[in-house]
Amino acid sequence: MNAETIPIPDPREVQDFDPSSNASSSQLGYGEEQLDSLTLYPGTDCVLLQLKNRNEIPLPHLEPESEAAPVSSYLIADAGSSGFGVFASTPIERGDLIMRERPLLVYPQLVPFHRNLPPEHAYPELEEALSRLPTHRRESFFRLVNSHPEEPSRVKGIIDTNALHIGLLPGSTQQYAAVCKDTSRINHSCSPNAAYRFDLDTFSIEVRALFPIPAGSQVFISYIDPAQSRAARQQALSDYGFVCACAYCSLTGPELAQSETRRGLIARADADHAARDAALERWARDPIMPDDYINRVDKMYMDLFEAEQLYYEPVWEGFATRLCKACCAVEDAEGAQMWARLARTLTYAYTGKERGWAAVEAAPERTEWWGLRRRKNTHFFALS
Ligand SMILES: C[S@@+](CC[C@H](N)C(=O)[O-])C[C@H]1O[C@@H](n2cnc3c(N)ncnc32)[C@H](O)[C@@H]1O
């Protein structure tokens, strides 16, 4: 490869994607393991629960309040029948950081349930953790909504309503979750306009926009895997004590059937990536196939994502990557830049990094795919 050549990012190189984050249940489990290591996060307002005798999570040393302070692009306000919600206070572009905050509590999802204690105090480790928080932070926790009034332990009720699944932390074998003062106020949609991720470097939850959000509009994340059928989504959301009435859950008749079909295709799209990548490479060296032939299926998927307002995290990047490569191969700079821009902003929204897409967007003619079909195979084999 020419030293000046810019690589087109490989979607398989996304390291920190945990397919279960944003999609797994954040409900508290029951476990037998003992938890007794409580760390008040150094110099911060966050309490971290860890497993006994395992100092498993490396703790960065930070000045949290300045670094983790939320950017002021949102406000918390009445969201009608959903309770409170988070709203954009300024126009937000795709990929923009909406908020970043240090959680009140980070804990392994499997915490011991103490049968010998009164049910309202059956989770003493969690109560102990909360008691270590500064008063104003503890009060913020107890101001969060509790959608489980039937649950004897108020702490568990609040956690089950507000926890954000953050997945595995480095060195741990346990799934972790977090409860936040502001991020936990974000309501659910099956077509979320924002995504959250846990950033270990700042020990913070970050929320970024997946779609442009006009000022005054509500910010939504998905509490569950949004590519499931409506029945499966509603079943998963019953843990949160509400019936989703988002635009897609409210569809009826043929429109509902179409949405179900589209989400089914989106959910299974990953299975197709290897074959689609191979087809792209065949097309790139076969001048007899029409120039636009390769784009049809990938564009169809992009239309599905748009129709469902769902750039599904596990699959979207493969389609954007192939479309960008195909545009480069036929020297369509405008098209290549459009797909690179989409990829840059979406990958930033999901991972907090642009992963090299900015360079592709700035100069698609410098990628190794540029003019590949025009060159009719001459350099293709040098690529790999
Ligand atoms: C994490 S809290 C979100 C913030 C909450 N609305 C509040 O007032 O603090 C989750 C709870 O909000 C409500 N909620 C979230 N998304 C909703 C939606 N799409 N429709 C109705 N209620 C929703 C449910 O009561 C759910 O248990």
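Me: Which residue in S5 stands opposite Ala 77?
Reply: Gly 85 in S5 faces Ala 77. A strand here is a DSSP run of E with at least two residues, a helix is a run of H or I with at least four, and both are numbered from the N terminus.

Me: Which way do S4 and S5 pair, parallel or antiparallel?
Reply: Strand S4 (residues 74–78) and S5 are antiparallel, with 5 bridges. Two strands count as paired if DSSP finds at least two bridges between them. The hairpin of S4 and S5 has 5 residues between the strands, and Gly 80 has a positive phi near 65° there.

Me: Before I go on, what kind of model is this?
Reply: This is a predicted model: local features need pLDDT of at least 70 and side-chain atom pairs count only at pLDDT 80 or more, while totals for chains, interfaces and linings use all residues. Residues are numbered from 1 along each chain as its sequence is written.

Me: Back to S5, what about S14?
Reply: S5 and strand S14 (residues 218–221) also pair in the antiparallel sense, over 2 bridges. Within that pairing, Phe 87 stands opposite Gln 218 in S14.

Me: New topic: what is the strand order in the open sheet of 5 strands?
Reply: The order is S2-S3-S7-S10-S9, and the pairing is mixed. At the edges are strand S2 (37–40) and strand S9 (164–168), each of which pairs on one side only. On average, neighbouring strands of this sheet are turned by 20° against each other, direction ignored. Angles like this run from 0 to 180 degrees between N-to-C directions, using lines fitted to C-alpha atoms, for helices over the stretch in contact.

Me: How do S3 and S7 run?
Reply: S3 and S7 run parallel and are joined by 2 bridges. Val 47 stands opposite Leu 105 in S7.

Me: And S7 with S10?
Reply: S7 and S10 are antiparallel, with 4 bridges. Ala 178 in S10 is the bridge partner of Val 106, and Ala 178 also stands opposite Leu 164.

Me: Where do the S7 side chains point?
Reply: Leu 105 and Tyr 107 point one way, Val 106 and Pro 108 point the other way, and all are buried. Buried means that 20 or more other C-beta atoms lie within 10 Å of the residue's own, exposed means 12 or fewer, and partly exposed is in between, with C-beta atoms placed from the backbone.

Me: Which strands does helix H2 lie across?
Reply: Helix H2 (residues 124–131) lies across S2, strand S3 (47–50) and strand S7 (105–108), at about 155° to S7. Two residues are in contact when their C-beta atoms, placed from the backbone, lie within 7 Å.

Me: How many residues surround the ligand?
Reply: There are 16, and the closest are Ser 82, Gly 83, Phe 84, Ser 147 and Asn 187. A residue counts as near a molecule if its C-beta atom, placed from the backbone, lies within 6 Å of it. Strand S5 (84–88), helix H4 (154–162) and strand S11 (187–188) each give at least two residues to this shell.

Me: Is Trp 316 buried or exposed?
Reply: Trp 316 is buried, because 23 other C-beta atoms lie within 10 Å. Trp 316 sits in helix H9, where 14 of 14 residues are buried. Beyond four places in sequence, Trp 316 contacts Phe 305, Tyr 311 and Leu 346.

Me: What follows H9?
Reply: Glu 331 follows H9, with a positive phi near 60°. Most residues other than glycine have a negative phi. Glu 331 lies in the loop between H9 and helix H10 (333–351), and counts as partly exposed because 16 other C-beta atoms are within 10 Å.

Me: How many helices and strands are in the chain?
Reply: The chain has 12 helices and 14 strands. Of its 384 residues, 41% are buried.
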